[in-house]
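Please walk through the fold below with me, one packing contact at a time.

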Amino acid sequence: MHDVIEFLKHLINPSWIIHHGGLYLLLFVIFAETGLFVGFFLPGDSLLFVAGMLAAHPDDPFEMPFALVVLLVAVAGILGNFVGYWFGKKSGPLLFKREDSLFFKKKHLIAAHEFYEKHGGLAIIFARFLPFIRTFAPIVAGIVKMDYRKFTLFNIIGCVLWVSTMMCAGYFLGISFPWLGDHLEWIVVGIVFVTTAPVIFRVLFGSRKSTLP
């Protein structure tokens, strides 16, 4: 059990994921975070950004063209959402009755459902840029039986935008300021704060507002 906990701790460290698992673990993490409800805690945004920065380093851990890495990661994210959609369509309603556990938080599912109700099909695109929400958005789309062709279109557009934006930002920043590679920990902290702040704000103040008479 101790080894499992230690491994899970490593999975929230973007640098460890890339340096120890390379491209394969990168693809798996993006797949899991965008389609499996147990992947909500994984570091999607910071992982993509750090992957872009490391790809710009002379010791590129991927050893292949950057464009190909971006394409493979985008495919992993697209497939992840398809799995999430299928899972939601088959067993989604049962999730609302499921008790919270280490690998499942009902509040994230409810938040994703509210986000979908507010933005409709475009939520599949917007959700890509929001931690927690992006994990459960495709599941919600499956629960409400969103038109599959529409879901496919929004899934592809959203994933390509998300992956290319985050990875290219890291790549070009790594080229322009290579010394930032020595401060990845602080960069990750900054990305986590910027990307999770809107979600935390909504959970805290949205819940408080909903309790008012």
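The model is a predicted one. The crossing of α3 past α8 is right-handed.

Which residues in α3 meet α8? On the α3 side they are Gly44, Asp45, Leu48, Phe49, Ala51, Gly52, Met53 and Ala55. On the α8 side they are Trp162, Val163, Met166, Met167, Ala169, Gly170, Tyr171, Leu173 and Gly174. By class, the contact of α3 with α8 has 12 nonpolar, four polar and one charged residue. Asp counts as charged, and Asp45 is among the α3 residues in this contact. Gly counts as polar. Gly44 and Gly52 lie on the α3 side, and Gly170 and Gly174 on the α8 side.

Now the other helix pair. Two packed helices are described by the angle between their axes and the distance between the axes. Helix α5 (residues 106–119) packs against helix α7 (residues 133–143) at an angle of about 65 degrees. The axes of α5 and α7 are 8 Å apart. That angle makes α5 roughly perpendicular to α7, because the perpendicular range runs from 65 to 115 degrees. The crossing of α5 and α7 is right-handed.

From α5, the residues in this contact are His108, Leu109, Ala111, Ala112, His113, Phe115 and Tyr116. From α7, they are Ile133, Phe136, Ala137, Ile139, Val140, Ala141 and Ile143. The contact of α5 with α7 has 12 nonpolar, two polar and no charged residues. His108 and His113 are both on the α5 side.

Next, the loops. Most residues other than glycine have a negative phi. Where does Phe132 sit? Phe132 is in the loop between α6 (123–126) and α7. Phe132 is not a glycine, yet its phi is positive, about 70 degrees. Its relative accessible area is 21%, so Phe132 counts as partly exposed; the buried class ends under 20%.

Lys145 is in the loop between α7 and α8. Its phi is positive too, near 55 degrees, in a residue other than glycine. Is Lys145 buried or exposed? Lys145 is exposed, because its relative accessible area is 55% and exposed means over 50%.

Asp100 lies in the loop between α4 (66–95) and α5. At 49% relative accessibility, Asp100 is partly exposed. Leaving out residues up to four places away in sequence, Asp100 touches Lys105 and Lys106.

Now step back to the whole chain. How many helices does the protein chain have? The protein chain has nine helices and zero strands. Along the sequence, its pattern reads α-α-α-α-α-α-α-α-α. The chain has 213 residues, and 46% of them are buried. Take the contacts between residues at least 6 apart in sequence: 77% of these join residues at least 24 apart. The accessible surface of the chain is about 11400 Å². Carbon and sulfur atoms account for 70% of that surface.

Key
Residues are numbered from 1 along each chain as its sequence is written. This is a predicted model: local features need pLDDT of at least 70, side-chain atom pairs count only at pLDDT 80 or more; totals for chains, interfaces and linings use all residues. Side-chain values use heavy atoms; hydrogens and water are left out. Axes are lines fitted to C-alpha atoms, for helices over the stretch in contact, and angles run from 0 to 180 degrees between N-to-C directions. Helices (H or I, at least four residues) and strands (E, at least two) are DSSP runs, numbered from the N terminus. Angles under 35 degrees count as roughly parallel, over 145 as roughly antiparallel, 65 to 115 as roughly perpendicular and the rest as oblique. A crossing is left-handed if the near helix is turned anticlockwise from the far one by less than a right angle, and right-handed if clockwise. Contact means heavy atoms within 4.5 Å. Buried means under 20% relative accessible area, exposed over 50%, partly exposed in between (1.4 Å probe, protein chains only). Accessible areas come from the Shrake-Rupley method with a 1.4 Å probe; for residues, only the protein chains shown count as cover.
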